[in-house]
Amino acid sequence: METKAYQLVLSPDLDLSSSEIVAAWNADVQASAVASVHLVPSDAKQFDPTQLEGIITLVSTVGLGILTNAIYDVLKVAAANKRNNQPHKRLKITQLDQPDGTHLLIVEQEEP
């Protein structure tokens with residue numbers, strides 16, 4: 001199967017930093033088996049608070065369905081840990097393929 005790289009774009013309302021996501025991913029044995037995760041320093045030219053820490057890149061050979069399930073599970077646990085196990089809203093993950101070949105996975109909270 002082909003190896004693909006995806007950039008994870010997190011909505012600010014998730015209240016999770018890039019480094020928190022990478023740490024949660026690497027702590028999860030199942031997620032780590034699905035994809036490797038790297039935090040790439042941001043070279044953003046403009047001020048964008050969502051890009052301060054860097055860009056999360058996921059590299060995987062599994063299908064997108066399995067990868068998005070792993071992302072959902074890791075983010076759900078990370079959010080619950082940060083909010084002292086308070087209920088969270090459902091997450092929505094949308095794939096956007098850019099003209100330059102970059103694959104983005106946009107993660108945001110789903111509205112009720």
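## Close-up views of a predicted model

**View A. Ser60 and the residues around it.** Once neighbours within four places in sequence are set aside, Ser60 touches Glu2, Thr3, Lys4, Val34, Ala35 and Leu67. Please keep in mind that this is a predicted model. Ser60 belongs to strand E3, and its relative accessibility is 4%, so it counts as buried.

**View B. The five-stranded sheet.** Here we step back to the open sheet, whose five strands follow the order E2-E3-E1-E5-E4 with mixed pairing. Strand E2 (35-40) and strand E4 (91-97) are the edge strands, each pairing on one side only. On average, neighbouring strands of this sheet are turned by 30° against each other, direction ignored. As a reminder, strands of a sheet pair through backbone hydrogen bonds, either parallel or antiparallel.

**View C. Where E1 meets E3.** Strand E3 (residues 55-60) and E1 run antiparallel and are joined by five bridges. To find your way along the pair, look for Tyr6, which stands opposite Leu58 in E3.

**View D. Helices H1 and H3 across the sheet.** Which strands does H1 lie across? They are E1, E2 and E3, and the helix runs at about 155° to E2. Helix H3 (residues 64-82) lies across E1, E2, E3, E4 and strand E5 (103-109). The angle of H3 to E4 is about 135°.

**View F. Asp15 in its loop.** Asp15 sits in the loop between strand E1 (4-10) and helix H1 (18-27). If you like checking backbone torsions, stop here: phi of Asp15 is near 55°, a positive value in a residue other than glycine. Asp15 has a relative accessibility of 45% and therefore counts as partly exposed, since exposed would need over 50%.

Definitions and conventions: Residues numbered from 1 in each chain as written. Predicted model: local features only at pLDDT ≥ 70, side-chain atom pairs only at ≥ 80, totals over all residues. Heavy atoms only, no water. Helix = DSSP H or I, 4+ residues; strand = E, 2+ residues; numbered from the N terminus. Buried < 20%, exposed > 50% of the residue type's maximum accessible area, 1.4 Å probe, protein only. Pairing = 2+ DSSP bridges. Axes fitted to C-alpha atoms, helices over the stretch in contact; angles between N-to-C directions. Contact = heavy atoms within 4.5 Å.
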